[in-house]
Amino acid sequence: MKFTELSDYPVPAGTVTLWTPTTDADPAGWQADRRPFTHDQAALATRSSAGTEQAENCWLGAIFEIDAFYDPDALRSCLRTWLSRHEALRSGIDAEVGDPDPPRRTYRGQHLDVRDDVVGDMATPESVTALLTETFGARLAPTRWPHCLIATIATTGRDGFAVVFAADHMVMDAYSILLSMSEIRHLYLTAREGLDAALPAVGSHLDFSAHDRTIGRGLTVDHPAVARWRGFLDRSEDYPEFGLPLVRPRLETGEPRRAPRQRGVSEFVATDESAAFLSATSRAAGHGTKTAVFAALAVTYREMTGRDTLRVTMPMHTRHEARYAGSVGWYVGLAPLEIDLTAAVTFDDALAATAAGIDAVRHLPAFPYQRIVELLGTAGEPEFVVSYLDVRHVPGASEWDAARAQILRGSSRSDREVYMWIARVPSGMTLSARYPGHDPADDSIRGFVATYSSVLRVLATEGSGLPLSAYTRTTCAPPDAVGDARPA
């Protein structure tokens, strides 16, 4: 399971059908909704209304295969059930304006439907990729409904078919994408057989949004969460940046220009066996796998940049109530993580320093990040972001490899942002990244990924008791040693 753009996936050719949610049969079903958007959602909508390039194509999605005969009627029934089940997918902004507190409307009618438009047979994978990339990029936005689009690709001579869906980030986080793959597959198969899907009830992200605003109203400039972020940013002199070359020198002219599209890479950095050893090593030292993942990141960072302290923005989930566990929505907060390896001699020391860094900020994602930066008087967007997620126990995870499943993201523009997603998946551990679209950045990131993979390999085979130099002795492989970003 990797996280890439659609162009990095071997999309099949075939007959493409676009499926679009619609309420045309009962437009009166749209009703004003007093529940506000979260601070993060409102900020994303404001950026989108202003046309800033950071908001361009800000969508997430997935592609996967269903190994059953393609039945359009069953798929329509499946999608209607899925959209009705998750309130976030049938709610939207009530105006296309840059209101910092935009009004909401929610569809409560009885005739939510899905319109199918058969595009036709497309002879090449490239033509399918181009169509879907253009469609998702042009039609998805925080200020427009529907927030989610679906496509199917049926190939002559094959029993199964591919499903591609994309949703504006305003209504879906990566975990929601993983949940949705399993739900759509299950709903389709039960619809074909005329069976009850028997899915458990889930909470609504709209209720979570109201809670988020309540938390935000309680924050002041003197709140400990705000103070922690202030110190983090002050010590970084700005938002923490990656620390390796990212931009071609000849372009650093200071003249106004549009940032190029970012590039991406997605690689397996550990096999399932190595990841299991990594977890065992971490547990033996009294820590969890997440601690080992970030400790290895800090060791890699020190090796590559010469800096003892890693400062990075760390996303963490906010699904703390059971009712939100299976809910589609944007349940992610941010924490300012600092890992100081100044006094670290062995990897055990690095684990201890990392555990201390994580423990100090693990409560902070509950406090809305956009409200905090508003109080601090900055519009800053994080520039170096790393998340870790163990997705092995997500419903349907055991089927992902057979379904050739992959998480997707829209393209981005930035000369400074580096985002990394590290995931423990059933077949090992992956690291996916997006970064500035220049050769220096490509060299930096690919070298970083190769070094990180080597550190994990030594940790999994030799344990955590060695001096830190032992974990980086064979690292810094050339960029072409990392391979390509296609699914294994």
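**View 1. Contact of helices α7 and α11.** In this predicted model, Ser274, Phe277, Leu278 and Thr281 of α7 meet Leu456, Leu459 and Ala460 of α11, contact meaning heavy atoms within 4.5 Å. The residues of this contact comprise 5 nonpolar, 2 polar and no charged, where Ala, Val, Leu, Ile, Met, Phe, Trp, Tyr, Cys and Pro count as nonpolar, Asp, Glu, Lys and Arg as charged, and the others, Gly among them, as polar.

**View 2. Crossing of α7 and α11.** The axes of α7 (residues 272–284) and α11 (residues 439–462) come within 8 Å and cross at roughly 65°; axes are lines fitted to C-alpha atoms, for helices over the stretch in contact, with angles from 0 to 180 degrees between N-to-C directions. The two helices are therefore roughly perpendicular to each other (65 to 115 degrees).

**View 3. The open sheet.** In the order β1-β14-β4-β9-β8-β2-β7, 7 strands form an open sheet with mixed pairing; strands (E, at least two residues) and helices (H or I, at least four) are DSSP runs, numbered from the N terminus, and two strands pair if DSSP finds at least two bridges between them. β1 (3–4) and β7 (113–122) stand at the edges with a single partner strand each, so one side of each is left without a neighbour in the sheet.

**View 4. Strands β2 and β7.** Strand β2 (residues 14–22) runs antiparallel to β7 and is joined to it by 9 bridges, and Thr20 has Arg115 in β7 as its bridge partner.

**Notes.** Residues are numbered from 1 along each chain as its sequence is written. Local features need pLDDT of at least 70, side-chain atom pairs count only at pLDDT 80 or more, totals for chains, interfaces and linings use all residues, and side-chain values use heavy atoms, with hydrogens and water left out.

Methods: Parallel < 35°, antiparallel > 145°, perpendicular 65-115°, else oblique.
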